[in-house]
Amino acid sequence: MAKKTDRQTPLKPATRLVTGGRDSQAYHGFVNPPVFHASTVLYPTAEDQVAHRSRYQYGRRGTPTSEALENALAELEGPGCAGVALLPSGLAAISTALLSVVSAGDHILVSDSAYRPTRTFCDSVLKRLGVETTYFDPLLNAKIAGLFKPNTRAVFVEAPGSQSFEMQDIPAIAQVAHEKGAIVLMDNTWATPLYFNAFDKGVDLSIQAGTKYIGGHSDIMFGTVSANAATLPALKTTFGNMGLCAGPDDIYLALRGLRTLGVRLARHQDSALQIARWFEKRPEVLRVLHPALESDPGHAIWKRDFSGASGLFSIVLKPAPERAVYAFMNTLSLFGMGFSWGGFESLVILFDCAEYRSATKWAPGGPTLRFHIGLEDVGDLTADLEAGFAALNASA
Ligand SMILES: *Cc1c(COP(=O)(O)O)cnc(C)c1O
């Protein structure tokens, strides 16, 4: 854990991605920090050991490598961020953030569109510890006020929603939550701190699955929690007590990924929008679920609060037999079929939110596919999708 460094002139986010957390003179002038593989820290004298007098105490408690990334992320998040915790996965970031705010007897509100394992954590671990969860319709926004109980401690939001891309009015939700004395946690993996400034919008704890765009190369599991001044002490305590720490090589790869996040996201955004618009014109497609499209019901909120969109969105196909959807997917050669996203490569999965949503009814009107648009050439991707649709139509 480290506090962000103070900076007088506010640099633009693209610049902060490059400059954040850099201290080359501390590493003999080299641009990047070394990867410290470390457990024990040796003290020069008995006096120093007894007094714990050392810049670093123990591998689990931080190294120059972890500090460099914490500082870079804190600078990216902006002045509302007081500190960052680095975790071994996105789900560990979610569970640690939640555990840092709840106690037995508390009640929490969680968006029905949250990442499914977030729900599983609430329904298993938190339930067992005596914390009650109520799921809410992500479109309720300020109307969630009616769901608060005297013991409601936190509201967990995610925008856009996992798989289904509903937009939430985060400032409106945060205002209600804060009036009721509750903490706002957000899974901000889709937009990243670059395209959604969580702390400016009223979020208290902002979570990233660093596995996705921060890593950016499908080669690490990683998570981060950024906290404001009010929530940082409890986050630090929980993080420390749980014995959590991320591996040095993964931290390094996350820091390396962060440096190119700006250019990668710009390309993901641009290609995904082009392909989303292409899907809108396809006769096989009922609807495209992408908040940056003018046709999307969440577009106005996205436009007001977000400064960009990433490469992940879904489509609803017109009703088609399962074999036709499978034929579509099996024909694609540039879209891997796999979970996760945020790497350089394009992906597709077939999904069904009806299996687990509880506060809302998921009835999109046809089979649903989620796409991650990678860094390939857009023409190559649409040609691949065109072949997929030909196979779909041939087996319909
Ligand atoms: C993948 C993902 C996570 C979990 O991250 P892991 O690193 O896989 O644990 C959390 N939230 C969202 C929105 C995700 O897509």
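1. A cavity, as the word is used here, is a set of grid points where a 1.4 Å probe fits but cannot get out, and its volume is the space filled by probe spheres set on those points. The model under review is predicted. By this definition, the structure holds 1 cavity of 30 Å³ or more, and the space in the largest cavity comes to about 30 Å³.

2. The lining of the largest cavity consists of Leu 312, Gly 338, Ser 340, Trp 341, Leu 347, Val 348, Ile 349, Arg 370, Phe 371 and His 372. Strands β10 and β11 (368–372) each contribute at least two residues to this lining. Sorted by class, the lining comprises 6 nonpolar, 3 polar and 1 charged residues.

3. Two or more lining residues come from each of α4 (90–99), α5 (116–128) and β10 (347–351). Domain 1 (13–259) and domain 2 (262–395) each provide at least three residues of the lining.

4. Is strand β4 (residues 152–158) largely buried or exposed? Of its 7 residues, 6 are buried, so the strand is largely enclosed by the rest of the structure. The cut-off for "buried" is a relative accessible area under 20%.

5. Strand β4 has two pairing partners to note. With strand β2 (residues 107–111), β4 pairs in the parallel sense over 4 bridges, and Thr 152 of β4 is the bridge partner of His 107. With strand β5 (residues 183–187), the pairing of β4 is also parallel and runs over 5 bridges; here Phe 156 stands opposite Leu 185 of β5. Together with helix α6 (residues 170–179), strands β4 and β5 form a right-handed β-α-β unit.

6. Leu 139 lies in the loop between β3 (132–136) and β4. Its relative accessible area is 52%; as exposed means over 50%, Leu 139 is classed as exposed. Leu 139 and Asp 169 are separated by 30 residues in sequence, while their C-alpha atoms are 8.1 Å apart in space.

How values were computed:
Residues are numbered from 1 along each chain as its sequence is written. This is a predicted model: local features need pLDDT of at least 70, side-chain atom pairs count only at pLDDT 80 or more; totals for chains, interfaces and linings use all residues. Side-chain values use heavy atoms; hydrogens and water are left out. Domain bounds come from an automatic or database domain assignment. Buried means under 20% relative accessible area, exposed over 50%, partly exposed in between (1.4 Å probe, protein chains only). Two strands pair if DSSP finds at least two bridges between them. A crossover is right-handed if, with the strands pointing away from the viewer, the path from the first strand over the helix to the second runs clockwise. On a 1 Å grid over the protein atoms alone, a cavity is a set of points where a 1.4 Å probe fits but cannot get out, and a pocket is an open set with protein on both sides within 12 Å along at least five of seven lines; lining residues have an atom within 4 Å of a point. Ala, Val, Leu, Ile, Met, Phe, Trp, Tyr, Cys and Pro count as nonpolar, Asp, Glu, Lys and Arg as charged, and the others, Gly among them, as polar.
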